[in-house]
Amino acid sequence: MRLLVLGGTGFVGAATVAEGVRRGWSVTVFNRGLHGAVPPGVHRLRGDRTAAGGLTALGGGEWDVVVDTWDGAPRVALDAARALVDSVGHYVYVSSGSVYAEPVEAGSGEDAPVVEAAPDAEDGDYPQNKAGAERAVREVFGERALLARAGLILGPGEDIGRLPWWLGRVARGGDVLAPGPAELPLQYVDVRDLAGWMLDQGARGRGGAYNVVGRTGHATMGELLDACVRATGAAARLCWTPPEPILAAGITPWIDLPIWVPRGHEYRWLQERGVERAHSAGLTCRPLFETVADTWRWLSAVGTVPPRAGRPARAPVGLDPAREAALLSAVGGTESV
């Protein structure tokens with residue numbers, strides 16, 4: 001199989017390239033050549049897809065599958081799709097569950113309403129950009145387009161820093177604010193499982209939209225933090241704290257305490273989406289500890305979370321140590337698990 005990855009050096013793109021190489025596919029990446037490296041044997045085409053004439057390097061090529069992780073202006077995705085429509089068999093667009101129009105009911109599947117967005121828009125917020133790019137790709141490729149609406153993505157190479165923040169916090173040891181309840185179900189996907197599923201479906205020519213994320217409850221918050229303690233070997237004491245005092249202290253789920261979204265929160269649906277379509281199409285998810293341990297090994301090797309490839313940095317995640325200490329002091333006596 002001949003694989004083209006638009007980008008290929010960021011989090012999902014790099015995992016997709018690595019999976020293609022592992023399979024023995026012929027892999028090409030297209031990017032500006034300003035960020036990161038690619039494995040030996042991968043062909044690199046250079047170009048700035050946002051600039052006039054920036055897609056020239058793609059001319060004359062032929063590929064079976066293209067994977068595109070773009071999250072900027074939909075018009076840029078539209079230009080790429082038009083440029084590749086006669087030279088690529090199948091277009092896989094890495095989208096997001098953020099495309100769904102709020103309010104979103106827990107358990108909603110791929111038929112839930114999506115935010116309004118134009119395929120040729122020059123800009124928008126993240127949900128609009130992803131939704132507009134979906135429409136752009138589908139407008140050009142039709143049933144030859146696969147829309148992989150990923151959820152929370154974890155694993156080695158993560159460039160947002162959610163799981164790396166927890167690993168770093170646990171590694172520092174001491175009393176760790178553990179947002180409860182410990183049995184809170186999580187929903188996420190390992191980046192390598194996402195990449196493998198996308199290449200499987202691209203090779204099969206599968207089209208349409210899929211929520212590509214594990215089932216809710218594949219792991220719990222308690223299992224996640226226990227895995228962080230085990231992977232780091234840290235002398236950390238998990239201080240499980242109910243949601244109420246955490247929220248009353250102005251601590252924001254998902255941002256201050258990454259991954260955690262308590263029951264009843266307006267964004268809880270991010271951890272409770274319907275996923276049977278993707279799982280029926282072969283999505284499998286590796287054990288939680290493998291994701292956590294591999295991420296810790298990678299993070300220990302690189303030292304810090306890398307910048308996002310080619311895009312503006314997102315706001316940092318994670319709770320300030322002083323705020324954590326203040327809340328732990330205020331809820332003194334919380335039991336550890």
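The following questions and answers take up how terms are applied to this predicted model.

User: What makes the protein chain agree with a compact globule?

Analyst: The radius of gyration does. With 337 residues, a compact globule would have a value near 20 Å. The protein chain has 20 Å, so the two agree. Along the principal axes, the C-alpha atoms fill a box of roughly 65 × 40 × 35 Å. The secondary structure comes to 10 helices and 13 strands.

User: How much of the protein chain is buried, and what share of its contacts joins residues 24 or more positions apart?

Analyst: Buried residues make up 55% of the 337 residues. Among contacts with a separation of 6 or more, 78% are between residues 24 or more positions apart.

User: Why are H2 and H3 called roughly parallel?

Analyst: Their axes cross at roughly 20°. Angles under 35 degrees count as roughly parallel, so H2 and H3 take that name. H2 covers residues 74-84 and H3 covers residues 126-141. The axes come within 8 Å, and the crossing is right-handed.

User: Which residues of H2 and H3 meet, and of what class are they?

Analyst: From H2, the contact takes in Pro74, Ala77, Leu78, Ala81, Arg82 and Leu84. H3 contributes residues including Gln128, Asn129, Gly132, Ala133 and Phe141. By class, the contact of H2 with H3 has 10 nonpolar, 3 polar and 2 charged residues.

User: Why is Thr291 called buried?

Analyst: Its relative accessible area is 1%. The cut-off for buried is under 20%, so Thr291 qualifies. Thr291 sits in helix H9, residues 288-302. Leaving out residues up to four places away in sequence, Thr291 touches Leu154, Gly155, Leu163, Tyr188, Asp190, Arg192 and Arg286.

User: What makes Arg204 buried or exposed?

Analyst: Arg204 has a relative accessible area of 56%. Exposed means over 50%, so Arg204 is exposed. Arg204 belongs to helix H5, residues 191-204.

User: How do you know that the bond joining Glu102 and Pro103 is cis?

Analyst: Omega tells you: the value is about 0°. Pro103 is in the loop between strand S5 (88-96) and H3.

User: Where is Pro181, and what is omega for the peptide bond from Gly180 to Pro181?

Analyst: Omega is near 0°, and the bond is cis. Pro181 lies in the loop between strand S8 (174-179) and strand S9 (185-186).

User: What is the phi of Trp254, and is Trp254 buried or exposed?

Analyst: Phi is about 80°, positive although Trp254 is not a glycine. The relative accessible area of Trp254 is 17%. That is under 20%, so Trp254 counts as buried. Trp254 is found in the loop between helix H7 (243-248) and helix H8 (276-280).

User: Where does Ile259 lie, and why is Ile259 called buried?

Analyst: Ile259 lies in the loop between H7 and H8. The relative accessible area of Ile259 is 1%. The limit is under 20%, so Ile259 is buried. Phi of Ile259 is near 80°, a positive value in a residue other than glycine.

How values were computed. Residues numbered from 1 in each chain as written. Predicted model: local features only at pLDDT ≥ 70, side-chain atom pairs only at ≥ 80, totals over all residues. Heavy atoms only, no water. Axes fitted to C-alpha atoms, helices over the stretch in contact; angles between N-to-C directions. Helix = DSSP H or I, 4+ residues; strand = E, 2+ residues; numbered from the N terminus. Parallel < 35°, antiparallel > 145°, perpendicular 65-115°, else oblique. Left-handed = near helix turned anticlockwise from the far one by under 90°. Contact = heavy atoms within 4.5 Å. Nonpolar A, V, L, I, M, F, W, Y, C, P; charged D, E, K, R; others polar. Buried < 20%, exposed > 50% of the residue type's maximum accessible area, 1.4 Å probe, protein only. Rg over C-alpha atoms; globule rule 2.2 N^0.38 Å.
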